[in-house]
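This briefing is arranged by topic and is meant to be read alongside the sequence and the coordinates.

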Protein chains: 2
Amino acid sequence: MFNPKMETLPREEIEKIQLGRLRKTIAFLKNSKSMLKEKIKDIHPEDIKSLDDLKYLPFTTKDDLRDGYPFGHIAVDPSDCVRMHMSSGTTGIPVLNLMTKNDVAQWGEIMARCLACAGLTSKDRLQIMPSFGLFNGGFGFHYGAETLGCFIVPAGAGRTLMQLKLIKDLGVTAIGAIASYPARLIEVAQENGFDFRKTNLRVAILGAETWSDEYRKRIEEMMGVKTFDIIGMTETGGVGLGIDCEARKGIHVWEDHYIIEIVHPETGEVLPLGEEGEIVVTTLTREGLPLIRYRTRDISKIISYEPCECGRTHVRIDRIKGRTDDMLKVKGVNFYPSQIEAILLKYKGLAPYYQLVIENVKGKDEMTIIVEKTDGGLTDQEMERLNLELYDFLGFRSKIQIVPEGTIQRVPGKAVRVIDKRKK
Amino acid sequence: MFNPKMETLPREEIEKIQLGRLRKTIAFLKNSKSMLKEKIKDIHPEDIKSLDDLKYLPFTTKDDLRDGYPFGHIAVDPSDCVRMHMSSGTTGIPVLNLMTKNDVAQWGEIMARCLACAGLTSKDRLQIMPSFGLFNGGFGFHYGAETLGCFIVPAGAGRTLMQLKLIKDLGVTAIGAIASYPARLIEVAQENGFDFRKTNLRVAILGAETWSDEYRKRIEEMMGVKTFDIIGMTETGGVGLGIDCEARKGIHVWEDHYIIEIVHPETGEVLPLGEEGEIVVTTLTREGLPLIRYRTRDISKIISYEPCECGRTHVRIDRIKGRTDDMLKVKGVNFYPSQIEAILLKYKGLAPYYQLVIENVKGKDEMTIIVEKTDGGLTDQEMERLNLELYDFLGFRSKIQIVPEGTIQRVPGKAVRVIDKRKK
């Protein structure tokens with residue numbers, strides 16, 4: 001563990017810290033330059049008698065942060081900030097997160113805990129594959145590795161053959177990457193007779209996308225590594241909000257820095273342990289962009305508040321199933337692309353490259369699943385079983401097109417899984 | 001100044017520090033894991049009686065560093081390093097520079113001095129436009145800004161329209177970029193009615209390529225900024241070896257960290273003040289890759305050892321004219337692309353986008369200069385004068401093709417100035 005004292009606090013200690021820091025964050029926000037303070041103008045820190053009172057506070061949404069562009073939602077003067085990151089903004093006004101020196105240190109701390117949770121020490125060699133820049137992924141791993149003191153290979157995105165060469169030549173032991181990228185690493189490795197088992201690589205820390213357990217199994221088998229699922233987003237201060245451990249019994253969220261709630265995506269009602277809903281994050285130690293009850297749109301559930309096998313005591317949530325924005329509704333059925341992925345990847349003959357094409361044909365929804373084959377593809381029998389499994393899950397027939405390897409375009413950054421032609 | 005005490009040391013103090021650190025570097029290298037120690041196995045630190053004895057030490061070349069790939073030329077164990085950068089390696093085996101924690105701090109210090117020399121303080125907002133990753137440019141600016149404490153907009157390379165948007169929306173006061181990139185910024189600004197004078201931008205720190213005084217004038221006029229010429233390379237520890245100041249009387253090289261010699265590119269003989277030759281760098285404070293007399297291949301001359309108007313006392317060298325690798329020999333005449341650029345950009349009707357195409361036609365060299373026009377292009381009279389000027393400089397006739405704006409491909413990273421078809 002990077003910070004054993006904080007990572008193993010008894011629950012009552014965690015909650016005491018959370019209550020104190022929540023009050024402090026409310027006071028800080030109320031006295032700040034942020035326009036978000038309007039939302040809590042009638043609330044006083046001393047009104048919060050227990051963590052249970054959190055549910056009475058208003059939510060903060062992505063639109064609230066967009067409305068602040070560029071700096072209206074930032075609590076401190078930009079001149080007192082040293083860094084910034086930005087959400088991709090492909091769908092409109094971007095969201096900026098400005099960071100003070102303390103925020104950068106906080107990020108380094110939570111990311112160092114994540115790296116240590118994935119088994120890394122200062123002796124490891126970490127190749128960082130998400131891009132460095134406005135996207136928070138590259139720098140998040142950078143600050144974590146800096147705090148942990150391990151050796152950084154700052155590869156950034158792309159140049160897959162070079163990435164493989166560096167893994168081998170530099171004795172790299174761990175990689176950090178966008179979840180879909182290992183599929184590309186494996187593909188290029190196969191094309192070039194590259195054997196991961198002849199390298200020192202043993203850990204892959206993956207995030208920024210929803211990825212299924214079946215994809216996970218596939219990656220681990222083919223690369224001979226242990227994978228770890230890391231979460232976080234620009235708004236909350238970047239990647240590093242939480243990660244799973246070797247026990248693989250949920251994602252540990254660093255509760256001395258964040259409060260997690262799960263709420264009903266439509267009603268906003270707080271849901272009890274075990275029920276699936278939207279993750280809501282309250283930051284406890286951020287200065288540039290302190291957030292009260294931020295609606296992340298990510299779907300998960302709380303698994304347990306009990307200590308984990310690994311000894312960490314912080315809350316564990318389920319791996320993220322999808323984002324409310326990613327949820328598809330086809331023929332009236334709701335589902336996430338990752339759920340289709342989980343079905344496809346049960347078949348060894350199918351590759352982790354797929355696209356769901358949805359169109360409206362004569363007033364009716366139709367979905368075609370395009371998926372690449374590996375080696376032999378599927379037998380007729382397997383094809384029949386796959387059809388049945390998909391029908392069992394979806395409740396309607398979808399067309400399956402099995403295409404040769406390399407058919408679906410490889411893109412830098414996040415994978416394009418859905419082509420919804422109905423939206424035009 | 002970022003470090004007034006060190007930046008204004010009297011010459012005898014500088015030389016005392018240099019002598020001590022040179023001996024220390026030799027001792028460090030001799031006791032290290034680096035294969036480069038073989039070169040100095042018969043030399044002992046106490047043999048170096050004065051800085052004048054440096055000339056008896058053997059050179060280190062880029063090939064020496066390539067021979068060490070990956071870690072043979074590194075002085076410390078990779079496990080004791082925290083970072084690395086890599087030269088582009090487009091022409092063969094890449095060169096790695098591994099950095100200890102102290103090396104990263106040293107880099108932050110020299111880059112902070114450079115930023116301060118360009119007039120930046122902790123209150124500035126610096127947009128970093130070179131890519132972050134294996135290339136040292138992005139991270140060099142990052143560490144300097146971190147050390148100086150100013151606000152970083154980590155834009156990285158590309159997305160020019162977004163770069164402009166960020167400059168404006170975030171009140172950016174300074175940019176760091178590859179020297180040819182402002183030409184693209186200006187071009188996209190014009191296409192989009194973007195006015196640099198309506199922003200807070202006042203400083204552009206440019207490097208990684210040779211750029212002429214005429215290009216400089218053009219950029220300053222069109223962007224309304226003051227430009228600064230920054231030098232450095234992966235091998236010496238990255239960008240930040242030196243920079244010019246407002247007085248614009250040469251590039252200040254941080255002599256408490258580096259010793260600069262100018263040598264004859266062929267004989268290796270040390271040249272006196274004012275004579276043009278190859279820059280040779282000896283590092284005085286680097287741990288991962290300490291270098292004795294590294295042949296940089298960059299051509300310059302020493303301008304003065306006297307204090308500058310700005311108060312800094314470190315040696316000043318001329319702006320870099322080109323690299324020995326970049327030197328062209330056409331019809332027996334030697335010249336650098338930047339010298340042609342300087343002639344072209346005297347004409348307001350020509351744009352800073354040009355290519356020199358050299359071919360062998362029937363056994364004879366021929367050079368075509370392809371250059372884009374801006375607005376009206378050249379009058380017949382100007383065209384005649386340009387032809388004459390080029391002939392005066394080159395001593396042979398070259399063909400000039402003036403093409404419309406946007407003809408020459410815009411590339412991310414360093415510009416492609418020369419297409420030498422003779423090499424095939």
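How far apart do the end C-alpha atoms of residues 332-422 of chain A lie, and how much of the span is helix and how much strand? The end C-alpha atoms of this span are 14 Å apart, and the span is 25% helix and 36% strand. The model is predicted.

**Annotated span in chain A**

- In an unreviewed UniProt entry, residues 332-422 of chain A carry the feature "domain: AMP-dependent ligase C-terminal".

**Interface of chain B and chain A**

- Chain A contributes 37 residues to the contact, and chain B contributes 37 residues.
- About 3,200 Å² is buried between the two chains, with carbon and sulfur atoms giving 63% of this area.
- On the side of chain B, the residues that lose the most area to chain A are Arg83(B), Phe151(B) and Pro154(B), which together account for 18% of what that side buries.
- Four salt bridges are found across the interface of chain B and chain A.
- Arg83(A) forms a salt bridge with Glu146(B), and the closest N and O atoms of this pair are 3.2 Å apart.
- At least two residues each of the chain B side that touches chain A come from strand 1 (83-86), strand 2 (96-99), helix 5 (137-148), strand 4 (151-153) and helix 6 (160-169) of chain B.
- By class, that side of chain B has 23 nonpolar, eight charged and six polar residues.

**Ala155(A)**

- Ala155(A) is located in the loop between strand 4 (151-153) and helix 6 (160-169) of chain A.
- Because its relative accessibility is 15%, Ala155(A) counts as buried, the cut-off being under 20%.
- Leaving aside residues up to four places away in sequence, Ala155(A) touches Gln127(A), Ile128(A), Phe132(A) and Gln163(A), as well as Leu134(B).
- Met129(A) is 26 residues from Ala155(A) along the chain, and the C-alpha atoms of the two are separated by 5.6 Å.

**Arg312(B)**

- Arg312(B) lies in the loop between strand 13 (302-304) and strand 14 (316-317) of chain B.
- With a relative accessible area of 5%, Arg312(B) is buried.
- A polar contact of 2.8 Å links the side chain of Arg312(B) to the side chain of Glu7(B).
- Not counting residues up to four places away in sequence, the residues that Arg312(B) touches include Met1(B), Ala116(B), Cys117(B), Cys245(B), His252(B), Trp254(B) and Pro307(B).

Key:
Residues are numbered from 1 along each chain as its sequence is written. Chains are lettered from A and ligands numbered from 1 in the order in which they are written. This is a predicted model: local features need pLDDT of at least 70, side-chain atom pairs count only at pLDDT 80 or more; totals for chains, interfaces and linings use all residues. Side-chain values use heavy atoms; hydrogens and water are left out. Helices (H or I, at least four residues) and strands (E, at least two) are DSSP runs, numbered from the N terminus. Buried means under 20% relative accessible area, exposed over 50%, partly exposed in between (1.4 Å probe, protein chains only). Contact means heavy atoms within 4.5 Å. Buried area is the accessible area (1.4 Å probe) that two parts lose on being put together, summed over both. A salt bridge is a side-chain nitrogen of Lys or Arg within 4 Å of a carboxyl oxygen of Asp or Glu. Ala, Val, Leu, Ile, Met, Phe, Trp, Tyr, Cys and Pro count as nonpolar, Asp, Glu, Lys and Arg as charged, and the others, Gly among them, as polar. UniProt positions are given in the numbering used here, feature names are shortened, and annotations may be inferred rather than shown by experiment. A polar contact is a pair of N or O atoms within 3.5 Å; within protein, one must be able to donate a hydrogen and the other to accept it, and residues adjacent in sequence count only if both atoms are side-chain atoms.
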